Amino acid sequence: MIERLRAHYGFGRTPFGRDLAPGMLHPHRGHAEAVARITWLISERAIGVVTGEVGAGKTIAARAAV
């Protein structure tokens, strides 16, 4: 299915895959706050929990913080 869509639209790779750099995404306040909180947790060597709906940006916020 994905290969047919890629061929139909002429994409060389699947758009919006996991290989996007955090800087390629639209910045918004919630993302910036999540990155700041995760960065703080890392600097303090603390434990935290990141929760949210599927597709909310949890993984990309963690990648941006690291």
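Mentor: Before we start, a helix here is a DSSP run (H or I, at least four residues), numbered from the N terminus. The model is predicted, so local features need pLDDT of at least 70 and side-chain atom pairs 80 or more, while totals for chains, interfaces and linings use all residues. Residues are numbered from 1 along each chain as its sequence is written, and side-chain values use heavy atoms, with hydrogens and water left out.

Trainee: Okay, so how many salt bridges does a search of the whole structure find?

Mentor: The search finds two, where a salt bridge is a side-chain nitrogen of Lys or Arg within 4 Å of a carboxyl oxygen of Asp or Glu.

Trainee: Which residue does R6 pair with?

Mentor: R6 forms its salt bridge with E3, and the closest N and O atoms of that pair are 3.3 Å apart. Both residues belong to helix α1, where they are three residues apart, about one turn of the helix.

Trainee: Is E3 buried or exposed?

Mentor: E3 is exposed, because its relative accessible area is 53%, and exposed means over 50%, buried under 20% and partly exposed in between (1.4 Å probe, protein chains only).

Trainee: And what about E33, which partner does that one have?

Mentor: E33 forms a salt bridge with R37, and there the closest N and O atoms are 2.7 Å apart. That pair sits in helix α2, with E33 and R37 four residues apart, again about one turn of the helix.

Trainee: How exposed are E33 and R37?

Mentor: E33 has a relative accessible area of 34% and therefore counts as partly exposed, whereas R37, at 55%, is exposed.

Trainee: Why would such side chains pair at all?

Mentor: In general, side chains of opposite charge can pair when their charged atoms come close.

Trainee: Switching topic, where does Y9 lie?

Mentor: Y9 lies in helix α1, which covers residues 2-9.

Trainee: Why does Y9 count as exposed?

Mentor: Y9 counts as exposed because its relative accessibility is 55%.

Trainee: Which residues make the nonpolar surface patch with Y9?

Mentor: M1, I2, L5 and F11 make that patch together with Y9, and its area is about 560 Å².

Trainee: What goes into a patch?

Mentor: A patch takes residues with over 30% relative accessible area and no salt bridge, joining nonpolar side chains (Val, Leu, Ile, Met, Phe, Trp, Tyr) within 5 Å and like charges within 9 Å; the areas come from the Shrake-Rupley method with a 1.4 Å probe, and for residues only the protein chains shown count as cover.

Methods
Helices (H or I, at least four residues) and strands (E, at least two) are DSSP runs, numbered from the N terminus.
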